[in-house]
Amino acid sequence: MAARANNRRRFLARAAGSSSIFLPTAARADEDLTSQIYNPDGSLKEGVSSTVAKTKLVAFTFDQSDNPQINVDGDYKDGTTSNSGSQQVQISYELPDKWGKGYIDTSEGVNAPACKRITVYKAPGNASLECLDEATTIGVGKALKVTDSLARLKTADIIGGRKRTRNEQKYYEFDMASAPDKCEGTSKDDLGLGFCPYDSVFLISATIFNESLYVMAIECDNQEWKQGNADLKRVRSSFNVEAVD
């Protein structure tokens, strides 16, 4: 399995300059779609269409207990509870207004899913920025204490990573891709190179708030990524964790 993963990485490196969606150059460190659209004061930059930037807010709260804290597609999961006696933390992100139920992109000529699911969770125990700094060394899956539903991240390849700051809070972003262990040989992306093509893309944002680790994971397949990667990155960049007033 490790050999196949290395083959994929070598192929990507040689493919620089092609139209592949998984090129390392597609994840430049200075890339921040939010800053390209908005001014520091939150207003739209000149020349940016308000239609393109129109969004709807998804917001909910986690408490700071050690109870399971998982939210999938805006709904609490896996016994997540809100402990009124514990400090509350506000979690939010923004979705394109053109996305309907099931993340269907209702744009003219598209009318197709933009992603599979959006998972947000608070990892158990304490955490520090050091664990995120070491993610590429010890493994993103281990560093982020991924939930069972995101177990594929433990073996996924890191395609790119960057840091950004939002409201004085530091966020670590990872672009990751996963391939199946066995190939069916029927995929149009299978180039007969001796390894399975990627079939899933994960856009990750993680932050440490009050010594707790909060993670957002957006999961999509190849077609969804090709169709809406700019929108998906904007959703990831909108991830926000802050104390409840």
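V146 is buried, with a relative accessible area of 10%; buried means under 20%, exposed over 50% and partly exposed in between, with a 1.4 Å probe and protein chains only. The model is predicted: local features need pLDDT of at least 70, side-chain atom pairs count only at pLDDT 80 or more, and totals for chains, interfaces and linings use all residues. Residues are numbered from 1 along each chain as its sequence is written, and side-chain values use heavy atoms, with hydrogens and water left out.

V146 lies in the loop between helix 6 (140-143) and strand 8. Helices (H or I, at least four residues) and strands (E, at least two) are DSSP runs numbered from the N terminus. Leaving out residues up to four places away in sequence, V146 touches Y121, G141, A151, L153 and K154. Contact means heavy atoms within 4.5 Å. A123 is 23 residues from V146 along the chain, and their C-alpha atoms are separated by 7.7 Å.

Strands of a sheet pair through backbone hydrogen bonds, either parallel or antiparallel. Here, seven strands form an open sheet in the order 3-2-7-11-10-9-8, with antiparallel pairing. Two strands pair if DSSP finds at least two bridges between them. Strand 3 (75-77) and strand 8 (157-166) are the edge strands, and each pairs on one side only. On average, neighbouring strands of this sheet are turned by 20 degrees against each other, direction ignored. Axes are lines fitted to C-alpha atoms, for helices over the stretch in contact, and angles run from 0 to 180 degrees between N-to-C directions. Helix 7 (residues 222-237) packs on the sheet. This helix touches strands 7, 8, 9, 10 and 11, and its direction makes about 155 degrees with that of strand 11. I70 stands opposite K77 in strand 3.

Another open sheet has three strands in the order 1-4-12, again with antiparallel pairing. Its edge strands are strand 1 and strand 12. The twist averages 25 degrees from one strand to the next. Strand 1 and strand 4 are antiparallel and share nine bridges. A59 stands opposite S92 in strand 4.

The largest nonpolar core holds 26 residues, of which I91, Y93 and I118 touch the most other members. Such a core is a set of buried Ala, Val, Leu, Ile, Met, Phe, Trp, Tyr and Cys residues joined through side-chain atoms within 4.5 Å. Strand 1 (55-63), strand 4 (88-96) and helix 7 are among the elements that give two or more residues to this core. Neighbours within four places aside, the contacts of I91 include V58, F60, V120 and F239. A second, separate core of 25 residues includes V72, C131, L144 and I204.

The structure holds five aromatic pairs. Rings of Phe, Tyr and Trp (its six-membered ring) pair if their centres lie within 6.5 Å; planes under 30 degrees apart count as stacked, over 60 as edge-to-face and the rest as tilted. Y171 and F239 form an edge-to-face pair, at 5.9 Å centre to centre and 70 degrees between the planes. The pair links distant parts of the chain, with Y171 in strand 9 and F239 in the loop between helix 7 and strand 12 (240-243), 68 residues apart. Y171 counts as buried because its relative accessibility is 0%. R164 lies over the face of Y171, at 4.5 Å from the ring centre; a charge sits over a ring if NZ of Lys or CZ of Arg is within 6 Å of the ring centre and within 35 degrees of the ring normal.
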